[in-house]
Amino acid sequence: IMFFPKKIYCRVFQEVFHMAIPFLPYRKPALLHHTDALVPLFQRKDISRILLVTDPVVRGNQITYPLETALKQAGIGCIVYDQTVSNPTTDQVEEARALYNAHHCQAIIGFGGGSSIDCAKAVGARIARPRKTLDKMEGILQVWKKIPLLIAIPTTAGTGSETTLAAVITDSRTRHKYPINDFVLIPRYAVLDPEVTRGLPPAVTASTGMDALTHAVEAFIGGSTTKETRHDAISAVKLIFTYLPKAYADGNDMNARRHMLHAAYFAGNAFSKSYVGYVHAVAHSLGGRYNTPHGLANAVLLPYVLQAYGRHAYRKLHRLAVAIGISDPMESHRAGAEKFIQAVRDLQDLLDIPRKLPEIRTEDIPSLAKKADHEANPLYPVPKLMNAKELQRFYYDIMED
């Protein structure tokens, strides 16, 4: 059990951050609804060369081609880095940064899932701070200097990275996965264009949608919410339960795709200010060690962690159950919370999300739990504090027997 002095330290740390929210330079990116809007934007800003950061799948499926063609026709140079992987590495950031510098670029586009957008953010951080390595930027407010103009075009409705101040990077040598959090990393513009999500495979639609749900739920049940983040989190949860099954069943349902992009955006706004919880901390440790896709890890872990919070999360989970129409406000908080957790499990089944992950090895669990503890405590204002020893249970919960 976490020692009492450490609990006091964690809660004081979290409360200080909570009280500081109104005074911190949070901002939301300006929203654009089609990639076509970027050419006039660059022309207005007199930008003639941009670096486009994406991944081999998005580029291979020609999703970036309409934008590349439009830029070329407008006489705007588009230098493409398309080697981002699902957990972007420090080596990839350096490769993309070298391209930016070699071609004298003036802006960066992160085009893809959260990994490409995170990679683009980290490139911006390294351009702003060329003498500071990424590992020295781990944590909070370690970048400070303004980065080049950054535009995010999410092709998955999940990470919310297009609206957050965080970039999650994996050290190429140690495999340590860590967040860089700074207000300068919030993209200036986010392009929510459902057309670029049309080709998303059902499994990716499912796991990224569950990622957005995890952001919204963890932000809502934590101890650092504001009126605005509670509103955004509830909006996201309602949209996801309504439209994720539709987008999963029919990838060409552009109405569902559009609503899921907005759900991910609302969830991103919520957790940017109110943070996440132990689902994320455990998922990041799995991504760093085994390259487990982040959305999948979150999706598998979510009901186990919600269950473990017990009575500390009942009231807020009950509110979410009422919001999605599966519970009555007059029901007990416990009954409402249990209905919500069951609804998450039912959604998992509907989306064919597995209940277990085969890659976890027993001998790795103590070190994985230590990494999760290091990430989460004292930063994440979770409903119930747990130490590394207590966090080990979640790895055993999702291990294959």
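Okay, let's start with a term: on a 1 Å grid over the protein atoms alone, a pocket is an open set of points where a 1.4 Å probe fits, with protein on both sides within 12 Å along at least five of seven lines, and lining residues have an atom within 4 Å of a point. Volume here means the space filled by probe spheres set on the points, joined across faces, edges and corners.

Now, what we have is a predicted model, where local features need pLDDT of at least 70, side-chain atom pairs count only at pLDDT 80 or more, and totals for chains, interfaces and linings use all residues. Residues are numbered from 1 along each chain as its sequence is written, and side-chain values use heavy atoms, leaving out hydrogens and water.

So, the second largest pocket: about 310 Å³ of space. It has 22 lining residues, and the closest to its centre are Glu138, Gly139, Pro179, His374 and Glu375. Where does it lie? Domain 1 (4-22 + 201-398) and domain 2 (33-197) both give residues to the lining, so this pocket lies between them; the domain bounds come from an automatic or database assignment. Helix 10 gives the largest share of the lining, five residues. Helices (H or I, at least four residues) and strands (E, at least two) are DSSP runs, by the way, numbered from the N terminus.

Six strands make an open, parallel one, ordered 1-9-6-4-2-3, where pairing takes at least two DSSP bridges. Strand 1 pairs with strand 9 (residues 189-191) over three bridges, and Ala30 has Tyr189 as its bridge partner in strand 9.
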